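Good morning, colleagues. I would like to take a few minutes to go through one structure with you.

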Amino acid sequence: SLALARAAGARWLEAEALRQLSWNHSFLDEHDQAEACLRAALPIFRDVGDRHDEIRVRHNLAAFSSNRFEYERACGHWEEALRLSRELGARLFEVIMSLALTGILEVCGKYTKARDRARSVLPLTREIGARGLEVRALLCVGCMTHALGESEEALPHVEEGLALAREIGEHYVEAYALTHLGHVLGALCNQDRARAAYEQALDLRREMSQEAEATEAQAGLARLSLAAGDLAQATGYVEDILSHLECGTLEGTEQPLLVYLTCYRVLQAAEDARAEAVLEEGYRLLQEIAGKLTDEDLRHSFLENVAAHRELAQEYERLRDR
């Protein structure tokens, strides 16, 4: 199809064939090829004036960048997609891009801004009947409230988001909701419910073959086990994470550095010789991501405002100064 479109000089069809090829490459985990197809399609859609497909391609390119922890590049695509969405009056796209940007604000520690954006978008999700996006907005409000240290206030938002995800059969979002419910309940010292939430999240991730995302639930379970004094069980969860990391990555996870920090603390408690190497690998990833942030305020927020990032760096400095 691509060859025929090019031979005929049918530029829109060329761009559409490239967009479809990007999906096929993605399903085959050929992410570099998928991204290359989208990069080739973008200027064609722009040149032929197909602004809706330009929005879609920018959204997908931003997701690739975000999964690779290239947050500023992702922001650039999502902000332009949001501008186009508002210009076209495409309200569904406007909500999608706004919520995507809250995710970047979250990972960079801009919790108040992320919560304010999610709160502002929540009524629009209900107005246009986008229930899947309503779930995401509710979870974002809850997660940001929890990150700001207000876990009691966060709980009903996360529980409402989880209930709605289950009602509409959004298993992918349900897994995120359950993981965040585990985080909130753990902070509220409700260990039994937190464990149940993480275990359900882990089951869903495995059903969907999302091994990278599963590590976040495994890390949550490891932290609960460590806090309960069950070092053997905590180590078991960490072994599963390390087994995944032998051949896989944490691309696609929300808090990869929290996963590394958890593994380090469990291995350190077990006096396992691998603890130092895990900490060094986590610190390397921390610095790699921070190095991609050219905005000094964003970089500082990423390093200092996110508790796991700050604590991982402190542990590394403590180890280095011994």
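This is a predicted model: local features need pLDDT of at least 70, side-chain atom pairs count only at pLDDT 80 or more; totals for chains, interfaces and linings use all residues.

Residues are numbered from 1 along each chain as its sequence is written, and side-chain values use heavy atoms, with hydrogens and water left out.

A nonpolar core here is a set of buried Ala, Val, Leu, Ile, Met, Phe, Trp, Tyr and Cys residues joined through side-chain atoms within 4.5 Å; buried means under 20% relative accessible area, exposed over 50%, and partly exposed in between, with a 1.4 Å probe and protein chains only. The largest such core has 85 residues, and Tyr71, Trp78, Phe302 and Leu312 have the most contacts inside it. Helix H14 (residues 256-269) gives the most to this core, nine residues; helices are DSSP runs of H or I, at least four residues, numbered from the N terminus. Another core, of 14 residues, lies apart from it and includes Leu2 and Ala34.

Val48 is found in helix H3 (residues 31-48).

What does a search for disulfides, pairs of cysteine sulfur atoms within 2.5 Å, find? It finds zero in the whole structure. The sulfur of buried Cys143 is 6.9 Å from the closest cysteine sulfur, in Cys140, which is too far for a bond. For exposed Cys189, at 60%, the closest is that of Cys143, at 19 Å, again too far.

Methods. A disulfide is a pair of cysteine sulfur atoms within 2.5 Å. Helices (H or I, at least four residues) and strands (E, at least two) are DSSP runs, numbered from the N terminus.
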